[in-house]
Amino acid sequence: MGPSSWPQTRGCAQGSCSGPAFWNLVADNILNADWPPDVHLQAFADDFAFVISHRTKKGVQELAEKAIQIFSNWVTSNKLEISFDKTNYMYIGKLVNPARIKWNNVRIQKVWSLKYLGVVIDSTLSWVPHIIDRGTKSLDHYHQLQRIAGKN
């Protein structure tokens with residue numbers, strides 16, 4: 001039997017050794033982009049998070065638009081897709097009516113808390129939602145172990 005091949009037309013094979021290295025090459029371009037002041041991009045694997053700060057609502061909105069435009073151009077040029085179901089934003093501050101953020105005229109959902117890398121962060125920066133999440137997960141694991149172990 002001779003060598004076999006698989007025509008890879010999209011992405012990288014799941015679990016491949018070279019997949020993370022290829023992704024790093026692609027992601028380095030956006031991480032090293034020229035971002036406006038007060039715009040910071042965080043990344044872990046294929047999860048990206050912007051941290052944008054400004055003193056005014058209008059300033060936040062303008063910075064977000066610039067950041068999204070740069071990121072959108074990168075996504076398009078690398079033939080990537082954004083999951084809008086997982087795309088949202090959270091405002092941390094005291095404004096009653098914070099900026100509305102849009103991605104190419106599509107409104108991004110505002111949330112009061114979000115989970116990033118397993119940590120639940122809420123708009124008041126309290127640890128309560130994270131502790132509740134961890135407690136719920138621990139209780140689920142306890143019940144699963146109880147079912148496995150049986151009555152004894």
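Modeller: In what follows, the bounds of a domain come from an automatic or database domain assignment, and the model we are looking at is a predicted one. For this protein chain, the assignment gives domain 1 as residues 18-111 and domain 2 as residues 112-151. Their centres, taken over C-alpha atoms, are separated by 27 Å.

Colleague: How do you know that domain 1 and domain 2 are in contact, and how many residues does each give?

Modeller: Contact asks for heavy atoms within 4.5 Å, and 13 residues from domain 1 and 9 residues from domain 2 take part. The area buried between domain 1 and domain 2 is about 810 Å², with carbon and sulfur atoms giving 72% of this area. On the side of domain 1, the residues that lose the most area to domain 2 are Met90, Ile92 and Val111, which together make up 52% of what that side buries.

Colleague: How many salt bridges does the rule find across the interface of domain 1 and domain 2?

Modeller: The rule finds 0 salt bridges there, although 1 residue pair is counted in polar contact between domain 1 and domain 2, both residues being at pLDDT 80 or more.

Colleague: What makes Glu62 and Lys58 a salt bridge?

Modeller: A side-chain nitrogen of Lys or Arg has to lie within 4 Å of a carboxyl oxygen of Asp or Glu; for Glu62 and Lys58 the N to O value is 3.9 Å, so the pair meets the rule. Because Glu62 and Lys58 are 4 residues apart in helix α2, about one helical turn separates them.

Colleague: What makes Lys115, Asp133 and Arg134 a network?

Modeller: Salt bridges link the three residues: Lys115 and Asp133 have their closest N and O atoms 3.2 Å apart, and the side chains of Asp133 and Arg134 meet at 3.0 Å, N to O. Both values are within the 4 Å of the rule, so both pairs count. Lys115 lies in strand β7 (residues 113-116) and Asp133 in helix α3, so this pair ties together parts that are 18 residues apart in sequence.

Colleague: Why is His130 called buried, and what is in contact with His130?

Modeller: Buried means under 20% relative accessible area, and His130 is at 14%, so His130 counts as buried. His130 lies in helix α3, residues 128-149, and, leaving aside neighbours within four places in sequence, is in contact with Gly118, Val119 and Val120. The side chain of His130 reaches the backbone nitrogen of Val120 at 3.2 Å.

Colleague: Is Asp85 buried or exposed, and how do you know?

Modeller: The cut-off for exposed is over 50%, and Asp85 stands at 76% relative accessibility, so Asp85 counts as exposed. Asp85 lies in the loop between α2 and β3 (88-89).

Colleague: Which residues touch the most other members of the largest nonpolar core?

Modeller: Of the 17 residues in that core, they are Ile30, Trp35, Phe71, Ile101 and Ile108. The elements giving two or more residues are β1 (39-44) and α2 (57-77), with the largest share, 8 residues, coming from α2. Beyond four places in sequence, Ile30 touches Trp35, Leu41, Phe48, Ile70, Phe71 and Trp74.

Key
Residues are numbered from 1 along each chain as its sequence is written. This is a predicted model: local features need pLDDT of at least 70, side-chain atom pairs count only at pLDDT 80 or more; totals for chains, interfaces and linings use all residues. Side-chain values use heavy atoms; hydrogens and water are left out. A nonpolar core is a set of buried Ala, Val, Leu, Ile, Met, Phe, Trp, Tyr and Cys residues joined through side-chain atoms within 4.5 Å. Buried means under 20% relative accessible area, exposed over 50%, partly exposed in between (1.4 Å probe, protein chains only). A polar contact is a pair of N or O atoms within 3.5 Å; within protein, one must be able to donate a hydrogen and the other to accept it, and residues adjacent in sequence count only if both atoms are side-chain atoms. Buried area is the accessible area (1.4 Å probe) that two parts lose on being put together, summed over both.
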